[in-house]
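Please read the points below beside the sequence and the model. They are meant for someone who meets this structure for the first time, and each point takes up one topic.

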Amino acid sequence: MPNLPLSLCAVIAVAIQAHLPTYALKAYGVESSPPPAESTRTRVTWEQGRQVCRRWNGYLPRPEVLSKWKIRGWSDLTRKHGYIQSESAADSDVLAALSRNEEWVPYILSEYTRGRNLCFVPEYIDGVPGPLAQRPCDLLSKATCSLPYKNGILSVPSCPKRGWLDMDTKSKCIWPDYTKVPQDEAQKMCVQHGGQLAIFKGTSSYDTLASVLLRQHVAAGMDTFWIHAKSGIDEAEGLANWDSTPSFSATGKTLRVGVVTDGTLRMNRSTAQPQMQYPFICEVPLIAGTPWLRVGMERVGDTVTFTCYSSPEIIEGSIMWFKDGLAVRGNRVLLDPNSNTLTLPSATRYSPYLQGYYWCEGTSLDGFKEIESQKWLLRLPGIETLIGSIQLNTNAEFRSERPGLYDLSSISFIDFARALRRKITSEAFIDMQKIGAYYLSDVKLFGLHKWRSDVLVARFAMYYRRDRDSNEVWSEKDIMALMKKTLILHDVAGHRVLPESTEMLSTRACLSDTTSFTSAPYANLSWPETVVGGVAIPAEPCAAYDTGQVVVRKCEGNYTVGAYWGEVQGSCTALPSKRTLELRALSQALHKSSDPLSTAEGLRNLTSERDKLQPQDIVYAVEALVDIASLPKISKQLAETVLMAIDSIIHANSTALYRSRVADTTNKLLGVMEHMAANLEDSMVVFSGLTAIGKMPHRQATPGIYLNAAEQSWTHFSTADDLTKHAEVGILFPAFQCNDSITDIENANLTLGLVPQNALFGSASDIWYRNCTDVLLLKYIHRQIENATFSFYFRDKCHNKTRAMKLIAECVFWDTQADGGLGAWSREGCTYIGMVGEHHRCNCTHLTSFGIMFKENDLLEEDIHDIILSYLTLIGIALSMFGLLMVILTYAVSKEVKKGVGHKCLLNLSISLLGSLFMFALMVTTHDALEDSTTCIVMGVILHYLLLVAFSWTLVETLLQYLRYVKVLGTYVPHLMLKCGLPAWGVPVAVVAAAVSYDPKNYNSRRQLCWPQGQPLLYSFFLPLGLILTANLVVFSMVIYSIYCKRHQALRSNQAQREQAKLQLRATVCVVFLLGLTWIFAYLSIIDAYSIRRVFEYLFVVSSTLQGFAIFLFHVAYDKTTRKLWRDKLNRWRGHVTGAEGRHRHLNGADMSQSDPGLVNLETQLRHRF
């Protein structure tokens, strides 16, 4: 196989094998004549073939490949973005055809689809390839696969020594070292690069090995290589170039490589003495970050060049380019090292049809997944594009004859597009051929779709080119009104156009509009002209009464569908406050005022009461800032005044800030800081509070600068060691290569800004994250820097340095297009390096706004259950603490109730449980401040002791229940409380003392709790707890048997039977909580199976945290005696006692028949009712 030409290796015709259980196709090579007839079990549908090829990270072959090698079977043509095109490669003629506005697509349907999906196979006439034949995709045909990268992925940047990706596992790097050394030395040299000697199992790695072990090295005597001793045969793919019968008789394992007569490599495994000296092959796991792609554009004269910048995780040469969904360059099977650029024809400015959205797609190393960049909109200067639509009336007869009209690749669609173009550009519409300074250049149909069963909507673009010699000025609104009035079509290509159905839309902005509000203080809301994707606020001050949420409206759409208004969001129910009206007036004052400083001072004064700012206030304040930032020159005094207002805004109420995001305040505020920095009169850095903006030449900033907001200063630095611990942020600039553009970079100005993290930078996708650094803005003015690595240093303001094992730090930048255009944090192009002194270091390959986000190490997507369990724990603890406090208060207010042994035991249990819950809650809430402190150890010791005491009292309760329900007779025990109380409070002291003496710092070794771990935890907590639970469980079984089986056999009726069952169930639940048996779920939650473990975790959290509340329910709330006690106490306190107090029975401390108050009540009902 390796001796075949590269093109054939890349599209090697390998039949689909054994991956589909129903189909088992035999392997075959390239055939020059049609294959013999085969049964349907050897054929597959188009989708089945495609899925298996994708499972191999391959594709069905392109039509030209099938024709070239005379292979029969399915091609990879499919509908994508409305066109019939190849999945694996672009057509080289697409751009040229688009630039001429030809109604041309890569593959044209020659017959009507009639609602069926069509796929394509090549036809052969006398063995010669003919045209493609269209076949229903659910027919059965032979399928072959084009396997990409058959010769391996060369020189992967993330691999040591730029090794190669192993095409078998796709998860490890392999590389040969031709230094001849013994086996042990070879292993050490691999370990130095974080790897080991390579492990090869079976024959799947042959293709990669054949590429790595080049023939010239084998010919030069490099014919034996050390590999890992675990290498073995566990596959049998039967490739001719692999010897699958080696012998293994020594400890050293080698890979023998030879060149056979046809020039290919032959390999087998053999053994050798470890002291022999051979070259070796290493492997290391592939460590890949998050793949990303980013598009940049450059204009030189009439030529436009797009560049696709990619992360190291993208396979070099795998880039494909798309224009409005149509593949225009690239090949997924054959690597093209130059595919990262796309150059449009030099006549671009004469081809308005090349306007539109461009993006690139690439293949990532991780699983060969396809990654897509963000779309870049190309607009040409001097050309205005308007989107028009008309509604067509169609009848059933017409639709049955021409169903291909909806398909962009059909002849019907192409004919309709040509007819529409001729119609609009004809002399019949001469009045709209030239409007003001613009004349109609061309028309292009984008698509047709059904609106109703008998109505089609045709959407088309009209390109108007500006006449440079004309001085006429027309607004876009006037142009569209005239066109709508003039463009009156009656029919197109046999379709009748519905009267007054013509609509015209701008591609740049939503025009000003008015909406009515029946329940608002204002009858109408006026919306200003707003760019596509922008968010508008009405001219009238309008907000919700209860939340202050501002009313907004978004301009939806894009270049291909036009701009249109979205729905009004929010309710207009509140009259604005005086502050709101004044801020609104300021947002409109700059256009009328000649003194922007007074406007800024007014804004500063109005925002000074930051806690009183409402969402609508913040929105108007930011709008005023946008106007100020648009001034061509910003003085230092004006900048300082504006920064004071910004500092007040970002420290406003978090809820108000977050609610103001709907008006795009985050992006607008960042834009304000960027434009103000760029428009500063001189090079300077201006501080106000913790906020700063600055401008300086690149040469003045290099090699690096850091900002200290506390001291309001900035300083140069060269290495991370130069950073002071109080520096908020630092930037180290890359050393640009000396080329023609280095002078431009040296003379370029850069803008920077610093703003504290606040709720404006929150989003729905960030709820599990926390930000502990400031936000840094950094950009070059009128310069786009790509593929240069900038190093950023952020001071940690959450003291996370000692919590490195708890948190995952992620370098992020603010993506203004994310979250529906409101902005969100993104990791694209940024890599977290680690802690450097007091600062976190990030490397980023582009410039914008940056920060660092932290999340708990265990808050992974699959472990969101931990969040739910945390909230359940808090709720349960709160309820239990309330219940236990009520139990203790009940015994505190009554002298008679607490005389019985059962009551005294319950009181001791309640006190220890309440203390342990309080200590746990205190520890969790203050742990961040107590880390690495003696206080943390003391709190852990107290919690440990109180939990052991609580379980000791459950053991005492177990003894009482045994005497009460099992033994019954002869149960008097003198001084029982003294005999049980001393061990219950004393023995845990010895256990905890032993754990502390073993290692007191062990209590401070966990991530979120001052609690022991390892052997001290096992022997000082789980062992005694297990023994107590075992004893409690045994007695519980006896008590349940006594309650259910030994008593109350004679029942009077079914109703009495049901009543007894209810009482028995209550007694059972009461005993379970009283004896602490819910902790058994804690032991069961260590089961490995994820779903089972989660079930027991939920059961444990819910039941154990509610233990105190259950005790309150059964022994206070459900007990008649205690209820009457509290009722009498309350009446006495209110002075409404009308009779004598109820009589309370004295419970004899030595009478075990009255050991437990709650169970006594239940037992009495069980005994006397039946």
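1. A disulfide is here a pair of cysteine sulfur atoms within 2.5 Å. By that criterion C936 is joined to C1010, with an S to S distance of 1.8 Å. The torsion about the S-S bond of this pair is about -110°, so the disulfide is left-handed. C936 lies in helix 22 (residues 934–967) and C1010 in the loop between helix 23 (976–998) and helix 24 (1015–1045), so the pair ties together parts that are 74 residues apart in sequence. Helices (H or I, at least four residues) and strands (E, at least two) are DSSP runs, numbered from the N terminus.

2. Before going further, please keep in mind that this is a predicted model, in which local features need pLDDT of at least 70 and side-chain atom pairs count only at pLDDT 80 or more, while totals for chains, interfaces and linings use all residues. Residues are numbered from 1 along each chain as its sequence is written, and side-chain values use heavy atoms, with hydrogens and water left out.

3. Are the two cysteines of point 1 buried or exposed? Buried means under 20% relative accessible area, exposed over 50%, and partly exposed in between (1.4 Å probe, protein chains only). C936 is buried, with a relative accessible area of 0%, and C1010 is likewise buried, with a value of 0%.

4. How many disulfides does the structure hold? The count is 10, and one of them is formed by C159 and C173, whose sulfur atoms are 1.9 Å apart. This pair links distant parts of the chain, 14 residues apart, with C159 in the loop between strand 6 (144–145) and strand 7 (164–165) and C173 in strand 8 (residues 172–181). The torsion about the S-S bond of C159 and C173 is about -70°, so this disulfide is left-handed. C159 is buried at 5% relative accessible area, and C173 counts as buried at 0%.

5. A further disulfide joins C308 to C360, with 2.1 Å from S to S, and at 65° about the S-S bond this link is right-handed. C308 lies in strand 15 (residues 303–310) and C360 in strand 19 (residues 356–363), so the pair ties together parts that are 52 residues apart in sequence. Both C308 and C360 are buried.

6. C905 counts as buried, at 1% relative accessibility. C980, for its part, is in no disulfide, and the nearest cysteine sulfur to it is that of C905, 6.4 Å away. C980 is also buried, with a relative accessible area of 12%.

7. Strand 15, which holds C308, also belongs to an open sheet of three strands in the order 14-15-18, with antiparallel pairing. Strand 14 (293–300) and strand 18 (341–343) stand at the edges, each with a single partner strand, so one side of each is left without a neighbour in the sheet. On average, neighbouring strands of this sheet are turned by 15° against each other, direction ignored; axes are lines fitted to C-alpha atoms, for helices over the stretch in contact, and angles run from 0 to 180 degrees between N-to-C directions. Two strands pair if DSSP finds at least two bridges between them, and eight bridges join strand 14 to strand 15, which run antiparallel. Within this region, G296 stands opposite T307 in strand 15.

8. E283 is found in strand 13 (residues 278–285) and counts as buried at 11% relative accessibility. Its side chain makes a polar contact with the side chain of K172, at 2.7 Å; a polar contact is a pair of N or O atoms within 3.5 Å, where within protein one must be able to donate a hydrogen and the other to accept it, and residues adjacent in sequence count only if both atoms are side-chain atoms. A polar atom of the side chain of E283 also lies 3.0 Å from the backbone nitrogen of I199. Contact means heavy atoms within 4.5 Å, and, leaving aside neighbours within four places in sequence, the residues in contact with E283 include C173, W175 and G195.

9. R62 lies in the loop between helix 2 (46–55) and helix 3 (63–68), and R62 is buried, with a relative accessible area of 14%. Which residues is R62 in contact with, once its neighbours within four places in sequence are left aside? They are D76, S86, S88, A89 and N331.
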